[in-house]
Amino acid sequence: MTASRSSGAREHVLARIRGALSQSGTDLVEIPREYRTVGPWKPGAPATIELLVDRLVDYKAIVHRAADVAELTTAITQSLGAPTTLTTGAAPAVVVPVGLDAGWVDTIRAAGFEVLTDSRTDPVPLDRLDTVVAVVTAARVAIADTGTIVLDGADDQGRRAITLVPDHHICVVRADQVVGTVPEGVALLTADCPQTWISGPSATSDIELSRVEGVHGPRTLEVILVGAAAG
Amino acid sequence: MTTFLGVPLRRKPDPELRHPNPLRGSESFPQAARHELGNTQLRANLAHATSVIRAKRAAVVNEVPDWEALRDAGSAIKADVMVRLPELLEQLEEKVTARGGVVHWARDADEANRIVIELIRATGQTEVIKVKSMATQEIGLNEALEDVGIAAFETDLAELIVQLGHDRPSHILVPAIHRNRAEIREIFLREMGDAPPGLTDEPRALAMAARAHLRRKFLQSKVAISGANFAIADTGTLAVVESEGNGRMCLTLPETLITVMGIEKLLPTWQDLEVFMQLLPRSSTGERMNPYTSMWTGVTPGDGPQEFHLVLLDNGRTRALADTVGRAALHCIRCSACLNVCPVYERTGGHAYGSVYPGPIGAVLTPQLTGTTGHGDPNASLPYASTLCGACYEVCPVKIDIPSLLVMLRARMVDEDRGRKVPDGWSAAMKAASWVMSDAGRFAAAEKLTGVGRLVAGKKGRISSLPFPASKWTAARDLPSPPAETFRTWWARERGDQS
C-alpha cells in the first residue's frame, strides 16, 4: 500500500524539519505556568456547585438537584417524563451503559420504560439506538468554570455512541465530582479511554452567528447533581 | 428571485489545474478586494457577524482573571513545539502506533490526497463523511476525491452551506459567514434535495433541515475524514473541538477514521490541554467551552472506529519553520479571533485573500506556506492586506505578533523585487523623492507646489483622485489637503531671527 512511499516521506519530512530548525534555531523555551491551577473553592463546595449550575443553565442545559438517593429517583423519573406507548404497542426504550447503578436502572424500569443495556462487547445496534427516547449515564468529572461534563467511557458512562445518537441525555453527576477549573479537571483525566467533553446541548452559530441549540447531538441535556441540596 | 447569486467564483482556474489552488488566488489582494467591496450584501453580512462574535469573545475573555498568563503559557508551549518538532512527532507516531493507529507522512498536498484516496479505496467505499477541517481544505481533498469518484459529504453546517452553494469558505471558523439566512434558505431549497418545502429562514429551521438531511448519512457511513485541533505527543491523543455534534458522529460511528493534520498542531503533554482548552473556545466561538470536544487515542476496542489512520502533513510548513521570525505563524491554533477584529477582513471578507487561510493570520501564513515568486504572485500582495493596527496581536491566544510578521514579510517581498530591471511605481516614486529631498533648493520648489494640492482638495479638505502616477495612491486612499503653510515658512516667519 502506501508503506514504502510514506516511509520515504517520513524521513524526508523529518530531514526538512531538522534542516529548517538548523536555520531558524533550536534554543530551548522556558514555559511559564503562572495561570490558575485551582479555583477559589474546593471540589464539591457549595460555591463550586453554584458556579456549575449557573454555567450549565446559561448554555441551556436543564439542571436538577438531588440531596439523596430518594430525590435522585424522583429526578430521574421527572427527567424521563411519562412513557408514551409506541404505535407498535412496545414500551419506549431508554439505553443505559452496562455499569450504571442498579438502583437507577430499577427506577427507569419502574417508570415504565424498557431498558436497553449497552456495552463494548454487546452494543445496542445503531438503528435501535436511533429510536430510544433517552440515555442515562454517570460522568467522570464536571468543570464548574466552563459548565463542562466529561465522560471517559468507563462502564457507568458507556460507549461514545450511546450519549450521541439518542436525542435526550440525562447525566448524573455527584457533587464531589465537580471541580472549579479546567486544570483541575484535566489533572483527573487520562488518555486511556476516549473522552467526550460536553458543555450544554449541541449547538451551532453558523447562521449569522446566532446560536441554535440542538443540532446533531442530543437536543436536550439534563444534568442531575447528586449530593447537592436543592438551592 | 435571482438576487441570491452571492459571491461568484472569480478565481480563474489555473490551466495546469483542474481545480483552483486552495492556497493561491488568481488576482492580487487589492484587485480581489475591489470586487468584494462592491458587494454590499457581503459587507452587511460580515459587519453584522464580526461585530456579534467580537462582543461574545470580549465578554468571555474578560471573565478570565489569568487570561494573559494563559496566553504566555500558550505562546511558550507552541514555541517549544517548534524547537522539538522532530522528537515530538516521533513520539506521537510511536504512541498512536502502540494504540493501534497507523501513521502516514505526506510531504505535500498531492501526497496527502493520494494516501487518503488509497485508504478509502482499501475500504471499498465510494462515499465519506467529513468533519470541518482546514488541513483538508488546504490540500483540496474534496476535489481530489471527486476526481476519482469518491463523494465527500461535509457535515459541519457552515461547510455544508459552502458545499451546497458551490462556494468557497471565507472564514476559518464560520466558513459561510458571508451568507445571510435568506441566502442559506435559497441554497438549501435549491440544492439539498430533501429540504422541507415550507422552509423558513429562521436559523433554527435551517439547522433542523440540516439535521434531517445528514442523519441517515451519519448512521450509514463507513468512513469519516477529520482534521485535528490538537495532537498530544506524550499520549498519542487526538482532539477535535466542535459544536454541533457532527464531529462526534464522524469520529464515533464509522468503521474507519482518517485524520489529516498539519505537523505543527502538536502539544507536548497531556497537561498542556489545560491551557489550550481554555484559550481556544473563548477565542474562537466566544464560548466558555465549546459544546463538544472528542479525544481519542488510537483505537479503542468496542468503542468507535476500529481502524484509525493519521496523516501528518508538511505542505510548506517546513518552509515557514526555517525562518526565525516567520515560524511563529505556525503557532496558530486556527481560532479565527484575528479575522473578526481585523478592519480589513471585516470589509473585504475572506475570498479576497485567495487562500483558505484568510485574514491577518492568512496574510502571514499563506505566503510562507507557498513561498512567493516575486511581483506577479498574488500571495506576494497578502502582507499588504493590513493597516498594521495591531488588533490581531491583541486577541491572539498564542500571542503571534502578526503585525511584526507582516512587516518582515513586506521587507522580504521588496527584497525579492530588487533585481527587477523596470522599476515599479513605488521605487520610482521613492527615487524621485530622494532626488527632491536631497537638495534644499529642489525641496523648496516642491513645497511651493503644495499650494496646488490645496486647490485640488478644495473645501472638503481631501484629494480623492489624481492623474497617473499619483492615481496609484488615490485609487486606494484619500490624500489630506496640504497645510496652508509649510513648516519651513512657519519657522522663517516665527523664529526666523534665531536661525
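**Conventions.** I number residues from 1 along each chain as its sequence is written, with chains lettered from A and ligands numbered from 1 in the order in which they are written. As the model is predicted, local features need pLDDT of at least 70 and side-chain atom pairs count only at pLDDT 80 or more, while totals for chains, interfaces and linings use all residues.

**Chain B overall.** I looked up the secondary structure and found 22 helices and 12 strands in chain B, where helices (H or I, at least four residues) and strands (E, at least two) are DSSP runs numbered from the N terminus. The C-alpha trace spans about 95 × 55 × 50 Å along its principal axes.

**Core.** I then turned to the largest nonpolar core, which has 201 residues, with V94(A) and V311(B) having the most contacts inside it; such a core is a set of buried Ala, Val, Leu, Ile, Met, Phe, Trp, Tyr and Cys residues joined through C-beta atoms within 7 Å. Leaving aside neighbours within four places in sequence, V311(B) is in contact (C-beta atoms, placed from the backbone, within 7 Å) with residues including H104(B), I115(B), I258(B) and M261(B).

**Sheet.** I traced an open sheet of six strands in chain B, in the order β1-β10-β7-β4-β2-β3 with parallel pairing, two strands being paired if DSSP finds at least two bridges between them. β1 (101-106) and β3 (151-154) stand at the edges with a single partner strand each, so one side of each is left without a neighbour in the sheet. Within chain B, β2 (residues 127-130) and β4 (residues 223-226) pair in the parallel sense over two bridges, and K130(B) stands opposite I225(B) in β4(B).

**Contact between chains.** The contact takes 80 residues from chain B and 68 residues from chain A. On the side of chain B that touches chain A, helix α3 (residues 67-83) of chain B gives the most, with nine residues. I also noted four bridges that join β9 (residues 195-198) of chain A to β9 (residues 292-297) of chain B, the two strands running antiparallel; in β9(B), T293(B) is the bridge partner of W197(A).

Technical notes:
Buried ≥ 20, exposed ≤ 12 C-beta atoms within 10 Å, placed from the backbone. Contact = placed C-beta atoms within 7 Å.
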